[in-house]
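Please read these notes with the sequence and model open.

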Amino acid sequence: MELAEIVINSQEPIESNVSNSVASKAMKKPRLAEAFSNKDLEKFSQYISMGDDPSDMYDDFRCIYHAVLMTRGCAEYAKKCMECPVVYKKKLAKWSVLYAAKSFDPTMLSLVLPSEYVNEIWCDFSALHYLAAYCSHRNVDDCVLCMDLLLRHNAIPNYADVNNDTPLSCAMKNVLLDNKSKRMVLEKLLEKDPVKNSALRYELLNKFEDLQFPAADMEMSYELPPSKSCCIRDDGCEDKTNEKLFLAIKNHHKKCFDRLLAQGAKYIGKGYSNMQPLEYALICINSYALRILLAKDEVQFEPYYDVFTNLVHCFDRSPHIKVTDFGKCLDVLLKYKCLDINEVDSEGRTIVHLSSHFSDECVLEILKRGCLLAIKSDEGELAVSNIRPNVLNAFFDSLIIRENDTDSWKITMDYSNFQYGPKQDENEYMYMNNFATQMEIVKAIAETETSKQLLEHPLITIFLELKWKQLSGLFYLNFWLYMYFVCACVPYILIKLGNYEKWTHIFCGLTALGVSYLVARECLQLKTNFRKYLREPVNYMEWLMIALVIGLCVRSNFERYTLNFICSLTILLLTVELFQLLGSLPFMSLSLRMHMFQMVLKSFLKNFLFYSIFVAAFSLCFYIMIGRSGEAGDDLNGFTNPPKAFLKSIVMMIGELDAGDLRLNDSFTTALFLGFVFVVTIVLFNLINGSAIHDILEIEKDAKINETQQRVKLLSDNYDNFSTMKIGSFKHFQSPQSDVDDVNVKKLTPKVLRRISIYANKDKKFVAEPEWCMHTNEGKTIYFRSKKDSENIFLDQHTIEDIMQRVSDPHKTEDDVKQMRKELKMVREKLKEIGEALKAKT
């Protein structure tokens, strides 16, 4: 008997052994499949004798042979298939037991037994698991006979599948069985299952009080060859030694694994299930076996073997594997360079881009191993948009490390995962197009609805404070220059309208200086990122304002109405941009108020456009009943035409009814007016106001997050504009310090935040000191700290308390963790006792 009798989670799909020629065959159903569909045994036999292949596909999921096996009452067809040698030559027999069990036909199952694959697992269950989980009261007799066949051919009834369920627990969960049928299945399984699981035993006794259990010491009472245990020493037969090597890997038996290697077990070449021991160690998440095997020079994965995907999927399908084992496997594979954790697929995606399909523990362990968040897919998508918020929050917590030294107290925030790097291309330094900046990563978090709460994380808030300090000088310079322009332009407009020629030329010159700055600013933004610049409507508004001011300065012979129109429009455009700049200031919650105004404006317009149907309907009714009555009256009160009737109705909507001036000559017109007052003035107007108030309350509920979102938008827009400029005065560009002058670096190289060190200075204030890195045109990376204390930022007590709650202590030992778990367990037990006592009293 071979290893296959021990259940192993094979990753090979059911039809993986079918000939590759199937894919190239026509989509038309083979004649052998047609004969089976028509249940024509004579033609089926004839085609088999003529050499037709039972491994041809019956449908999209099964070959003909497997379709025959899972069809009840088709044993004769199965016998004809077995006459064809390709059935076993191509290893179609590997899944035969499982497919035969699906038929619930004892005759069919007996044809494929005995088999070395009697315990093979696929899609979470083996044949015995399937029978226990999917039999019903209609076919329970045949199901019990099938179970008896499997048990007599060494099927293991007490082995757990990937969901940690045994056939016995599957039978208990089966809702298709009534009590009588379920008892029959349980009694058959209990013939060879001692049920050491106390919880399951209690459940069985609770449901079937008189159920007889076998002796607890008969766990191995069914016939198993001695070689089924990797710990049993034998005569050293080579086949058994190689078989036990796989068992030792699966059981995570380190001593047995070392002993078998010393005895000469083959660790090169394919063994069980056409796998190498190295591949099998990966599937079993055995870090010890991986490390021992990879240490041997002649052992390596095949070139096309997807190490990362197999590791992640096997971990997610094996709930009994601890996350620490998965992390150790990652460390071993990274150490021996068997995988690149930042490797991208054909669409430019890393493994973290697909994190929505993996467990939280798996994604967190991958992130902790240095996975870069800056990598973009070909579609421009960042991984942070797919990572679940709780995972991202835990990962950010792990990047905050407290260093407990005897002389000092220090906290380090690591931003290495936020970095992007250069690639070498014919000795030319260039930044990869598929890498995002650190600011773009934070922007992606802010724009993801489920992750925007992370903007309150200290790792993000301190980063934004630092970026604001870098760009605040540019922002305030632009703000005050624009204020100068406003203070020069508005008086110039008033003087021009008042014909004060004495001051006209003076303020015209001052306004011309302000316009020159605006033109230079807009041209600079257009040069740096013209595509993004052309997509933003606000830039067209600014050019319109510049054109109007230039027209006022250059030409003086406007018509009165044209001059008034240009001046009014210019003042409105000046006010809009000034309002936007004021909303970006980081004090008095101005950015939050600006956000409120924008959201309420959008909400009001959206609601008004919908409800304006009522206003339009009433305005037309007023035009017909009042405006066309033939009575004299001014244009507005008389509803003389539909546009003015609509304008009058909008004014009436806010309560300006002027009922005394309306000509309500009949009862219908009076009822129409009263209906307008109730529906439009009272109901609709208050409904729109209520919707706006609701939006404000929602914004205030997450006021801090919304304010941070506005800060992120401002910083990202400015950073995108300035990050490509070659201007040495900008703070986020800095030539290398004196200690790295010998490195061949471009004159102006963007510096990237590497880490932030937080410590208490002499004044007992908490200081955050950044450390930067830059890339040279030789592909090297240099690290440095700024020599200017002005780049450091001070943290308040609230931020420090938040950091201390999240901080990760690297000096915490495993014993400390065990002690914490022990104390937590004691607390839970005490709470349980208190709960039981309270329940007893009640």
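1. D148 and R152 form a salt bridge, with their closest N and O atoms 2.9 Å apart. A salt bridge here is a side-chain nitrogen of Lys or Arg within 4 Å of a carboxyl oxygen of Asp or Glu. Both residues lie in helix 9 (residues 140–152), 4 residues apart, about one turn of the helix. Helices are DSSP runs (H or I, at least four residues), numbered from the N terminus.

2. This is a predicted model, in which local features need pLDDT of at least 70 and side-chain atom pairs count only at pLDDT 80 or more, while totals for chains, interfaces and linings use all residues. Residues are numbered from 1 along each chain as its sequence is written, and side-chain values use heavy atoms, leaving out hydrogens and water.

3. R152 is exposed at 53% relative accessible area, whereas D148 is partly exposed at 21%. Buried means under 20% relative accessible area, exposed over 50%, and partly exposed in between (1.4 Å probe, protein chains only).

4. D148 also meets K188 in a salt bridge (3.1 Å, N to O). K188 lies in helix 11 (residues 179–190) and D148 in helix 9, so this pair ties together parts 40 residues apart in sequence. K188 counts as buried, at 12% relative accessibility.

5. D52 forms a salt bridge with R31, the closest N and O atoms being 2.8 Å apart. D52 lies in the loop between helix 2 (41–49) and helix 3 (64–69), and R31 in helix 1 (residues 31–37), so the pair ties together parts 21 residues apart in sequence. D52 is buried at 16% relative accessibility; R31 is partly exposed at 37%.

6. In total, the structure holds 14 salt bridges.

Technical notes:
Helices (H or I, at least four residues) and strands (E, at least two) are DSSP runs, numbered from the N terminus.
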